[in-house]
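Look over the sequence and the structure below.

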Amino acid sequence: MWNIAVSVGELIARAVIVYVFLLALLRITGKRQVGQLAPFDLVLLLVLSNAVQNSINAGDNSLIGGLISATTLVGLTMSLEWPRTAARSWRRWSKEDPRC
């Protein structure tokens, strides 16, 4: 439960890579608001989360590994919110009206 199978740096790097990849992939496929999600979209999100789970944690099922990955993902989300307040182009890219 407490023993990490991979290094902390690897867990953080894996979480960052998967987060950026999924963010780009979801932006490319179209923008939707939560209220506009069809059942298929919700299933896609759930299946995506299951599909990338092992690529984030490298098979490490320890409590500490999960906490490190979760903290990294939350930190990335918070760090992407900061530029939205400072740069108009970033705000437009990250919060543009849905097209789909």
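Asn57 lies in helix 2; helices (H or I, at least four residues) are DSSP runs, numbered from the N terminus. The model is predicted, so local features need pLDDT of at least 70 and side-chain atom pairs count only at pLDDT 80 or more, while totals for chains, interfaces and linings use all residues. Residues are numbered from 1 along each chain as its sequence is written, and side-chain values use heavy atoms, with hydrogens and water left out.

Helix 2 has 19 residues and reaches 28 Å from its first C-alpha to its last, close to the expected 27 Å; the expected span is 1.5 Å times one less than the number of residues. At Ala51, helix 2 bends by about 30 degrees, the angle between axes fitted to the seven residues ending there and the seven starting there.

Why does Asn57 count as buried? Its relative accessibility is 9%, and buried means under 20% relative accessible area with a 1.4 Å probe, protein chains only. Also buried in helix 2 are Asp41, Leu48, Val52 and Ile56. Not counting residues up to four places away in sequence, Asn57 touches Val6 and Leu11, where contact means heavy atoms within 4.5 Å.

Just after helix 2, Ala58 takes a positive phi of about 55 degrees. Asp60 is found in the loop between helix 2 (39-57) and helix 3 (63-86). Leaving aside neighbours within four places in sequence, Asp60 is in contact with Asn3, Ile4, Ala5, Val6, Leu11 and Gly65.

Methods
Helix = DSSP H or I, 4+ residues; strand = E, 2+ residues; numbered from the N terminus. Buried < 20%, exposed > 50% of the residue type's maximum accessible area, 1.4 Å probe, protein only.
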